[in-house]
Amino acid sequence: MADETPESLIPYDEIVQEALRDVVGRVLSSIEAGGSLPGAHHFYITFKTRMPGVEIPKHLAQRFPDEMTIVIQHRYWDLKVAPDHFTVGLSFGGVPATLRVPFAAVTDFVDPAVDFSLKFQANGADGAPHEEPEEPENDEPVATPVEDGSNVVSVDFTRKK
């Protein structure tokens, strides 16, 4: 007897991804409200640079035509969080820039200080295989590498056929 799972009429994968993005938004909102990062917390945020609503300087879009990782740690400014995106000022090679990143474009959120990680597909992504992001390029100190731990949440949204 074949194990045939019926196609769901409820978009569970979209609901879960939206909930995961809410975690990112809530964390960034708390940092915005507090004015700084508490303790050793800092964030690596990877996002798709071609997603609608992403606004980054042209030279960064040319350098990172698909995906980019930023660090929010010591040198950032003007962090503003809206329901569907965040903006932040960062320096790249000593040149200041303001980035606007919709939460729908975010693919990875990592806080190495506490071994916390969320990974998900960008909304509207083409389904291409996920490649490991390059090292963050903004002017931030190198952080302690993330160790494998029980606080990592990985969600696979592939459907059974």
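Predicted model: local features only at pLDDT ≥ 70, side-chain atom pairs only at ≥ 80, totals over all residues.

Trainee: Which residue in β6 is the bridge partner of threonine 46?

Mentor: The partner of threonine 46 is aspartate 108, which belongs to β6.

Trainee: And how many bridges join β6 to β7?

Mentor: There are 4 bridges between β6 and β7, and these two strands also run antiparallel, with aspartate 111 standing opposite phenylalanine 116 of β7.

Trainee: Is β6 buried or exposed, then?

Mentor: Buried: 6 of the 6 residues of β6 fall in that class, so the strand is largely enclosed by the rest of the structure.

Trainee: What about the hairpin of β6 and β7, which residue takes a positive phi there?

Mentor: That is aspartate 115, whose phi is near 50 degrees, in a hairpin with 4 residues between the strands. Aspartate 115 sits in the loop between β6 (106-111) and β7 (116-119), and with a relative accessible area of 21% it is partly exposed, given that the buried class ends under 20%.

Trainee: Where is the place of aspartate 78, and is it buried or exposed?

Mentor: Aspartate 78 is found within strand β3, which covers residues 76-81, and at 54% relative accessibility it counts as exposed.

Trainee: OK, which strands form the open sheet with β3?

Mentor: The open sheet has 3 strands in the order β3-β4-β5, paired in the antiparallel sense. Both β3 and β5 stand at the edges with a single partner strand each, so one side of each is left without a neighbour in the sheet. From one strand to the next, the twist averages 15 degrees.

Trainee: How many bridges are there between β3 and β4?

Mentor: β3 and β4 pair over 4 bridges, again antiparallel, and one of the residues to look at is tryptophan 77, whose bridge partner in β4 is glycine 89.

Trainee: What lies across β3 and β4?

Mentor: Helix α1 does, and it runs at about 125 degrees to β3.

Trainee: Switching topic, how many aromatic pairs does the structure hold?

Mentor: It holds 2 aromatic pairs. In one of them, phenylalanine 86 and phenylalanine 103 have ring centres 5.9 Å apart and planes at 40 degrees, so the pair is tilted. Phenylalanine 86 belongs to strand β4 (residues 85-92), whereas phenylalanine 103 is in the loop between β5 (95-102) and β6, so the pair ties together parts that are 17 residues apart in sequence.

Trainee: Last one: where is the place of glycine 39, and how far apart in space are glycine 39 and alanine 113?

Mentor: Glycine 39 is in the loop between α1 (12-34) and β1 (43-48), and with a relative accessible area of 77% it is exposed. From C-alpha to C-alpha, glycine 39 and alanine 113 are 8.8 Å apart in space, although they are 74 residues apart in sequence.

Key:
Residues numbered from 1 in each chain as written. Heavy atoms only, no water. Buried < 20%, exposed > 50% of the residue type's maximum accessible area, 1.4 Å probe, protein only. Phe/Tyr/Trp six-rings, centres within 6.5 Å; stacked < 30°, edge-to-face > 60°. Pairing = 2+ DSSP bridges. Axes fitted to C-alpha atoms, helices over the stretch in contact; angles between N-to-C directions. Contact = heavy atoms within 4.5 Å.
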